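Thanks for coming, everyone. Let me put the sequence and the model on the screen, and then we will walk through it.

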Amino acid sequence: LDTFDTVARLRGLEGAVAAEYWPALGLLIRDAPSPMRRTRPATDGVNATINYLTAILVRDMRAAVLASGLHPGFGALHAAQDRADAAVYDLMEPFRAPLTEGLAGFLFNAKRLRADMFTSLEDGGVRISQTARSAIIIGYEQAASRRVKVTGREIKLAWRPLMQRQAQDLAKAL
């Protein structure tokens with residue numbers, strides 16, 4: 001990262017990595033489209049699950065940002081824009097793999113979610129069944145309550161307190 005002197009160049013790297021990441025992730029998830037691409041709106045159950053989990057993560061991170069006294073609209077890596085929470089998107093990045101993409105993969109691979117729990121709509125979107133929605137929420141709540149080791153510390157925290165700590169640390173640094 002030391003070779004990237006601008007945010008724009010760093011964003012370019014992020015785009016190049018994403019082009020490799022999504023197809024590779026798709027190889028690891030049962031019922032993922034091949035090749036896996038990130039789609040919004042979702043066109044398949046895996047993407048619909050990732051989008052749903054991301055919305056829950058955004059909610060949790062936004063709460064942490066607001067509780068820390070930060071303005072959610074001003075970020076460092078994500079540009080400020082109307083109706084977008086740049087600080088939330090910046091701070092949620094480390095939580096995406098365990099609480100969105102990785103969790104979606106786990107839910108499908110553990111057969112808590114199946115392709116038949118999602119219905120393709122005429123407009124190209126996907127409807128998530130109530131059974132699938134419940135499985136997604138239960139899966140997220142179980143994952144979010146799991147305690148993990150905090151880097152550089154001897155303690156373990158659940159994911160939500162870890163989000164709060166990250167937002168507090170940023171507020172303190174600013």
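First, the term for secondary structure: helices (H or I, at least four residues) and strands (E, at least two) are DSSP runs, numbered from the N terminus. On that basis S134 sits in helix α4, residues 130-145. Two ground rules before going on. This is a predicted model, in which local features need pLDDT of at least 70, side-chain atom pairs count only at pLDDT 80 or more, and totals for chains, interfaces and linings use all residues. Residues are numbered from 1 along each chain as its sequence is written, and side-chain values use heavy atoms, with hydrogens and water left out.

S134 has a relative accessible area of 29%, so it is partly exposed. Here is the scale: buried means under 20% relative accessible area, exposed over 50%, and partly exposed in between, with a 1.4 Å probe and protein chains only. S134 and V148 are 14 residues apart in sequence, and their C-alpha atoms are 24 Å apart in space.

Now I136, also in helix α4. Its relative accessibility is 0%, so I136 counts as buried. What does I136 touch, not counting residues up to four places away in sequence? The list is T49, Y52, L53, L107, L113 and I128. Contact here means heavy atoms within 4.5 Å. I136 and A48 are 88 residues apart in sequence, yet 10 Å apart in space, C-alpha to C-alpha.

On to helix α2, residues 45-67. N47 is found there. N47 counts as buried, because its relative accessibility is 0%. Leaving out residues up to four places away in sequence, N47 touches M36, R37, R38, T39 and A42.

Next, helix packing. Two packed helices are described by the angle between their axes and the distance between the axes. Helix α1 (residues 7-28) packs with α3 at an angle of about 35°, and the axes are 9 Å apart. The axes are lines fitted to C-alpha atoms, for helices over the stretch in contact, and angles run from 0 to 180 degrees between N-to-C directions. Who makes the contact? From α1 come Y21, W22, L25 and L28; from α3 come R96, E101 and N109. By class, that is four nonpolar, one polar and two charged residues. The classes: Ala, Val, Leu, Ile, Met, Phe, Trp, Tyr, Cys and Pro count as nonpolar, Asp, Glu, Lys and Arg as charged, and the others, Gly among them, as polar.

Stay on α3, residues 86-109, for G102. At 36% relative accessibility, G102 counts as partly exposed. G102 touches R96 and A97, again not counting residues up to four places away in sequence. G102 and L77 are 25 residues apart in sequence and 23 Å apart in space, C-alpha to C-alpha.

Aromatics now. The structure holds three aromatic pairs. Rings of Phe, Tyr and Trp (its six-membered ring) pair if their centres lie within 6.5 Å; planes under 30 degrees apart count as stacked, over 60 as edge-to-face and the rest as tilted. Take F95 and W159: ring centres 5.7 Å apart, planes at 85°, so the pair is edge-to-face. F95 lies in helix α3 and W159 in helix α5 (residues 159-173), so the pair ties together parts 64 residues apart in sequence. F95 and W159 are both buried. Then F108 and F118: centres 5.8 Å apart, planes at 25°, so this pair is stacked. F108 is in helix α3 and F118 in strand β1 (residues 118-120), 10 residues apart. Both are buried.

F95 and W159 come back in the second largest pocket, as part of its lining. Its volume is about 170 Å³. A pocket, on a 1 Å grid over the protein atoms alone, is an open set of points where a 1.4 Å probe fits, with protein on both sides within 12 Å along at least five of seven lines; lining residues have an atom within 4 Å of a point. Grid points are joined across faces, edges and corners, and a volume is the space filled by probe spheres set on the points. The largest share of the lining, five residues, comes from α5. By class, the lining has five nonpolar, two polar and four charged residues.

Last, the backbone. D31 is not a glycine, although it has a positive phi of about 70°. D31 sits in the loop between α1 and α2. K111, in the loop between α3 and β1, has a positive phi of about 65° and is not a glycine either.
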